[in-house]
Amino acid sequence: MNRYKILAVGGAVALSGVTAGPARSAAAPADEACTRLAGLAVPASAIGLPTGGGHVRQATPVPASGQGASAVGAHCRVDAALRPVDPKAPDILMRVALPAAWNGKAMMFGGGGYDGTIPNIAGNVPYGPPDRPTPLGRGYATFASDSGHQAAPDFQPTTSLDGSFAVNDEALRNFAGDALKKTRDAAVHLIGERYGGARPSRSYFAGGSTGGREGLAVAQRWPRDFDGVIAVYPAWNAATLDLFFGYEAQVLSRPGAFPGPAEQELLHRSVVNACDGGDGLRDGVVSNERGCRFDPRVLRCTAHPTGTCLTDRQIRAVRALSSPLRLPYRLASGETGYPGFPFLSGAAMTTPLLGMGTTAPAHPMPRTSGYGVQFWDQWIRHAVTRNPAHDSLTVDPRHPGRWRDRISRLSALQDVNDPDLRPFARAGGRLIIVHGLADELVSHRSTAQYFARVNATMGADATRRFARFYTVPGANHVNVKAAFAAGWDSLTALENWRERATAPRDPVVTDVNPGASARTRPLCEYPAWPRYRGTGDPGAATGFTCRRS
């Protein structure tokens, strides 16, 4: 549900039209090379999927800024539009940053939610640490797009919840994945135009949530386009996740079932108190999520909830959302359900608006309901029924009636669930997947299912030669107000693996929460989790070992 091309020989870069000498003498030619891109056509023949071609709307020289890890060198910001085939479909709006001192490589960012805006191409990869330069700061040419539609302004600040584009088939296909190929090919063309026909020596993709799904999509559908992918909390089975969100909406809309913010906080606090020490250390982080056994009945009350107890209806709701959703029918994508969320191990309670929200689902859907149920509401009204006035609560995900065929077709379009990544691996591709165990919007259990399928399809040894899956206890979906806010330089790890054949070994993740004193933990490969050794610094990764049981 998160998005984000010069001549290079042996790491040296020669800029077409830029003379050697002081930076001031090089600036003018670089600026001229930038502004000359304005109005440039992007021919449809340069793009591997059907489009109406495109053009550069604006090319703007951007001076160097920032210091230290936040420093970004001078670059050319190019805004372009790719025209659709269907005249009723919106353009794909994209942006490319072309550094004056290019490192010869490219980075594409994935989006988030329903996309609809262009990600920050000067930003970092998901879970990227603040003390390391961003891709653009390292000299990458970076690019991203809005996935083929523009979110309505009245959805501010949550523009990623606008699903109205889905009434148009081409816009829906673009969002489901086609815009990735179109954007990448157009960006490579513009890179070549700026740097005398050069192409990137290496290209990487990074994204979280929807952007994580997009990362798995490019690895599956266009295995030679990218040399490496960083997929963080990937919503790979997007349509199936929508069905779980619909189930969540129905459960929480039942009379008396919705636990308010005070009850959610009570549940979270109680789970942490009960399970925190299961990793050998009481530090506010539940590391052994699978070993956490909490019975919400200990919070049971018979009177109206006051923030000190949960009613029977609220307990049943929490249990339902912590359990797998099993569909009595098979989707065209092959999926038969969703594994649910570890609510009873403390996840999904730290950011209520992403989890259950502060208001029970209703029709029309309140903006203060949880992000997931609003996502469902948009999907039903615009992608499924294509009736903006439809009451999404009348569609039962388990028994969708006349909407079953439409939902199934959408699953085939949106779910990126083919575990056969052998073409990507054969092309030299490397894949890093990271997921927080306290994710309140995309279940890490689902990512574990996907990775298990890759292992079963390709074999464990073959999978390990090109892919890693790590989980971070305490890390949530937006890395804000998390028990452990993850910070890991996955980009350097990916570069070393792809470019130097050095696979990640004993990586360490840092808590980047303000005031966390940069405490560290080993970044464990799932299903392992960090357990305190009982001696040593509890704030340092060296005091922990990755345990599998």
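Where is the place of serine 517?

1. Serine 517 is in the loop between strand S16 (508-511) and strand S17 (520-522). The model is a predicted one. In this model the phi of serine 517 is near 55°, a positive value in a residue other than glycine. Serine 517 has a relative accessible area of 71% and is therefore exposed.

2. Serine 209 belongs to the loop between strand S9 (202-208) and helix H3 (210-221). With a relative accessible area of 0%, serine 209 is buried, whereas serine 517 is exposed. As background, most residues other than glycine have a negative phi, and most peptide bonds are trans.

3. One joins glutamine 156 and proline 157, with omega of about 0°. Proline 157 is in the loop between S8 and H2. Another joins tyrosine 526 and proline 527, with omega of about 10°. Proline 527 is in the loop between strand S18 (524-525) and strand S19 (529-532).

4. On helix packing: H4 (residues 238-253) and H6 (residues 312-322) pack at an angle of about 175°, and their axes are 10 Å apart. Helix H4 is therefore roughly antiparallel to H6, since angles over 145 degrees count as such. On the H4 side the contact is made by Phe244, Tyr247, Glu248, Val251 and Leu252, and on the H6 side by Ala317, Ala320 and Leu321. By type, the residues of this contact are seven nonpolar, one charged and no polar.

5. In general, an α-helix has 3.6 residues a turn, so residues three or four places apart point the same way.

6. Buried in H8 are Arg406, Ile407, Ser408, Leu410, Ser411 and Gln414. The helices against which the buried residues of H8 pack are H2, H3, H4 and H7.

7. Leaving out residues up to four places away in sequence, leucine 421 touches Ala219, Gln220, Leu431, Tyr450, Val454, Met458 and Phe466. The C-alpha atoms of leucine 421 and phenylalanine 466 are separated by 9.6 Å, and the two residues are 45 residues apart along the chain.

8. The aromatic pairs come to 21. One of them is formed by tyrosine 114 and phenylalanine 175; this pair is tilted, at 5.7 Å centre to centre with 50° between the planes. Tyrosine 114 lies in the loop between strand S7 (105-109) and strand S8 (141-145) and phenylalanine 175 in helix H2 (residues 169-194), so the pair ties together parts 61 residues apart in sequence. Tyrosine 114 and phenylalanine 175 are both buried.

9. Phenylalanine 244 and phenylalanine 341 also form a tilted aromatic pair, 5.5 Å centre to centre and with 45° between the planes. Because phenylalanine 244 lies in helix H4 and phenylalanine 341 in the loop between strand S12 (337-338) and helix H7 (371-384), this pair ties together parts that are 97 residues apart in sequence. Phenylalanine 244 is buried at 0% relative accessibility, and phenylalanine 341 is buried with a relative accessible area of 1%.

10. Finally, the cluster and the charges over rings. Tyr114, Phe165, Phe175, Phe245, Tyr371 and Phe375 form one aromatic cluster. Over the ring of phenylalanine 175 sits the charged end of arginine 213, 5.1 Å from the ring centre. The charged end of arginine 367 sits over the ring of phenylalanine 155, 4.4 Å from the centre of that ring.

Technical notes: Residues numbered from 1 in each chain as written. Predicted model: local features only at pLDDT ≥ 70, side-chain atom pairs only at ≥ 80, totals over all residues. Heavy atoms only, no water. Axes fitted to C-alpha atoms, helices over the stretch in contact; angles between N-to-C directions. Helix = DSSP H or I, 4+ residues; strand = E, 2+ residues; numbered from the N terminus. Parallel < 35°, antiparallel > 145°, perpendicular 65-115°, else oblique. Contact = heavy atoms within 4.5 Å. Nonpolar A, V, L, I, M, F, W, Y, C, P; charged D, E, K, R; others polar. Phe/Tyr/Trp six-rings, centres within 6.5 Å; stacked < 30°, edge-to-face > 60°. Buried < 20%, exposed > 50% of the residue type's maximum accessible area, 1.4 Å probe, protein only. Lys NZ or Arg CZ within 6 Å of the ring centre and 35° of its normal.
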